[in-house]
Amino acid sequence: MKGIDFACGQGSTTLFLAKLGVQMEAIDALVNAIIIVKKRAKLMGLSDKINAYQKDIDGWELKPESYDIIIATQCLQYLFDRAIPRLEELASAVKPGGFLVYSGNVPPHFKLDPPMKFIYQEELDEIFEGWLYHSKGTDERLLRPNDLRGYIWLVAQKQKKE
Ligand SMILES: C[S@@+](CC[C@H](N)C(=O)[O-])C[C@H]1O[C@@H](n2cnc3c(N)ncnc32)[C@H](O)[C@@H]1O
């Protein structure tokens, strides 16, 4: 199985999937994130299962139906007007029978300039029409006093063609 973790941060999801046997690619804009992922992979004996790259999550071609699992958690909002088009590209890069795991922010959220790009449930439903949702939901968390944030997530499986 082949997977990719967009904006992997310190790589916890990448490492978890690699431990399950998925051949993973991990991408993040921060060189320090990539250094940490590689160090963690080495310590866990998973170096051969993980290729980690410092790279922008946008601006390069994704081959259609090329991954069994794609992770895009808490990152697409930073692509602003490219958030939805990139999510559509990610969805088309999932193989039939494969999975896409997404999470992002929705209101309430503190104001940013330029404003963060929220992707709402109806927009997700449109992108993932015909997919099987294994999980989806919303939540609000008070991260700090006066900092209540909304979250939305899904785990969706692309259905195989008949
Ligand atoms: C909130 S963290 C999320 C990390 C991880 N995906 C998670 O869910 O725990 C956001 C990450 O996105 C990365 N990031 C933001 N914009 C990016 C971009 N355009 N290309 C690559 N990485 C990006 C940041 O470096 C950071 O590691």
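Reader: Let's start with Arg149: buried or exposed?

Author: A word on the model before that: it is predicted, so local features need pLDDT of at least 70, side-chain atom pairs count only at pLDDT 80 or more, and totals for chains, interfaces and linings use all residues. Residues are numbered from 1 along each chain as its sequence is written, and side-chain values use heavy atoms, with hydrogens and water left out. Buried means under 20% relative accessible area, exposed over 50%, and partly exposed in between (1.4 Å probe, protein chains only). Arg149 has a relative accessible area of 14%, so Arg149 counts as buried.

Reader: Which side chain does Arg149 join in a polar contact of 2.8 Å?

Author: Arg149 lies in strand 7; helices (H or I, at least four residues) and strands (E, at least two) are DSSP runs, numbered from the N terminus. Not counting residues up to four places away in sequence, Arg149 touches (heavy atoms within 4.5 Å) Asn105, Pro108, His109, Phe110, Asp139, Glu140, Arg141, Leu143 and Arg144. A polar contact is a pair of N or O atoms within 3.5 Å; within protein, one must be able to donate a hydrogen and the other to accept it, and residues adjacent in sequence count only if both atoms are side-chain atoms. The side chain that Arg149 joins at 2.8 Å is that of Asp147.

Reader: In strand 4, what is the bridge partner of Gly3?

Author: Strand 1 (residues 2-6) has four of its five residues buried. Two strands pair if DSSP finds at least two bridges between them, and strand 1 is joined to strand 4 (residues 67-73) by four bridges, running parallel. In strand 2, Gly3 is partnered by Met24, while in strand 4 its partner is Ile69.

Reader: And how many bridges pair strand 2 with strand 3?

Author: Strand 2 is largely enclosed by the rest of the structure, because five of its six residues are buried. On the strand 3 (residues 50-54) side, Met24 is partnered by Ile50. That pairing is parallel too, and the number of bridges is five.

Reader: What is the handedness of the β-α-β unit made by strand 2, helix 2 and strand 3?

Author: A crossover is right-handed if, with the strands pointing away from the viewer, the path from the first strand over the helix to the second runs clockwise. Helix 2 spans residues 31-43, and the unit it makes with strand 2 and strand 3 is right-handed.

Reader: How far from a nitrogen atom of the ligand is the backbone N or O atom of Ala7?

Author: Residues surrounding the ligand (a heavy atom within 4 Å of it) include Ala7, Asp28, Lys55, Asp56, Ile57 and Tyr78. A polar side-chain atom of Asp56 lies 3.1 Å from a ligand nitrogen, and a polar backbone atom of Ile57 is 3.0 Å from a ligand nitrogen. For the backbone atom of Ala7, the distance is 2.6 Å.
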